[in-house]
Amino acid sequence: FYVVLSLSVITIFVTIARNTRSGNYETKTFIWGFSLFLLFGFYDIMGMYFRIVPWSQYIIPYGMFIFLLSMIYILGRRFAEIHDKLRLYSDDIEAKNAALKLAYQEVNESRDKLSEWNKDLEQTIQNRTASIRNLLDNAGQGFLTFGADLVVGSEFSSECRNIFGCSISGKTFPELVYPEDAEERNFLAVLLVKILNEQNEIQRN
């Protein structure tokens with residue numbers, strides 16, 4: 001019986017030793033801690049019940065203590081790995097947040113520049129328009145514009161008011177030239193539309 005029991009324990013330890021070669025570090029630590037726990041327990045059994053080895057007190061608590069230390073060590077490594085991963089994730093998130101803040105600042109700076117350029121462009125257009133109007137008003141001649149609908153545009157010289165005796169904005173050019181002669185007004189309208197259409201055809205060709 002003793003021989004069979006001893007061979008069984010030896011077989012268990014040989015199997016455990018072989019398995020530790022293929023496992024990772026935590027697996028090896030667990031196996032060796034558990035093996036020492038079994039070894040101390042086996043020693044207590046051999047000494048207390050079979051009087052094969054010298055025995056005076058239980059040593060299995062020491063084996064349990066070693067096994068618990070191995071478990072604490074494994075858990076500590078796990079917590080350390082998790083902490084390192086969390087720190088890496090935290091650093092990555094902080095780097096991405098910094099990149100987003102930088103991109104947001106660049107967008108705001110670009111928006112401010114566009115707003116400033118837009119204001120400068122509007123001011124330039126206003127200055128050019130004022131210069132043209134000032135030139136037209138001081139030329140002493142009537143200048144106006146109209147499109148294909150023959151309606152006078154909003155840009156015209158002040159002399160036009162003196163020539164036509166009224167505000168000409170929004171009125172048709174034939175209406176200003178012939179305010180009381182409908183026949184001449186219609187004739188002029190047809191003539192101007194024909195001229196504008198011919199000019200458009202020439203430009204397209």
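I started with phenylalanine 67, which counts as buried because its relative accessibility is 15%; my cut-offs are under 20% relative accessible area for buried, over 50% for exposed, and partly exposed in between, with a 1.4 Å probe and protein chains only. Before going on, I note that this is a predicted model, where local features need pLDDT of at least 70, side-chain atom pairs count only at pLDDT 80 or more, and totals for chains, interfaces and linings use all residues. Residues are numbered from 1 along each chain as its sequence is written, and side-chain values use heavy atoms, with hydrogens and water left out.

Ring pairs next. I searched the whole structure and got 2 aromatic pairs; rings of Phe, Tyr and Trp (its six-membered ring) pair if their centres lie within 6.5 Å, with planes under 30 degrees apart called stacked, over 60 edge-to-face and the rest tilted. One is phenylalanine 37 with phenylalanine 67: the centres are 6.2 Å apart and the planes at 35 degrees, so I logged the pair as tilted. Phenylalanine 37 sits in helix H2 (residues 25-48) and phenylalanine 67 in helix H3, 30 residues apart, so to speak a link between distant parts of the chain. Helices here are DSSP runs (H or I, at least four residues; strands are E, at least two), numbered from the N terminus. Phenylalanine 37 is buried too, given its 19% relative accessibility.

The other pair is phenylalanine 146 with phenylalanine 173, with centres 5.1 Å apart and planes at 20 degrees, so it goes down as stacked. Phenylalanine 146 is in the loop between H3 and helix H4 (159-164) and phenylalanine 173 in helix H5 (residues 173-177), so this pair ties together parts 27 residues apart in sequence. I have phenylalanine 146 as partly exposed, at 30% relative accessibility.

Then the core. The largest nonpolar core has 5 residues, Val152, Phe156, Cys160, Ile168 and Leu176; a core is a set of buried Ala, Val, Leu, Ile, Met, Phe, Trp, Tyr and Cys residues joined through side-chain atoms within 4.5 Å. Leaving out residues up to four places away in sequence, cysteine 160 touches Gly142, Phe143, Leu144, Gly165 and Ile168 (contact means heavy atoms within 4.5 Å).

Last, the exposed side. Phenylalanine 79 is found in helix H3 (residues 60-137) and counts as exposed at 60% relative accessibility.
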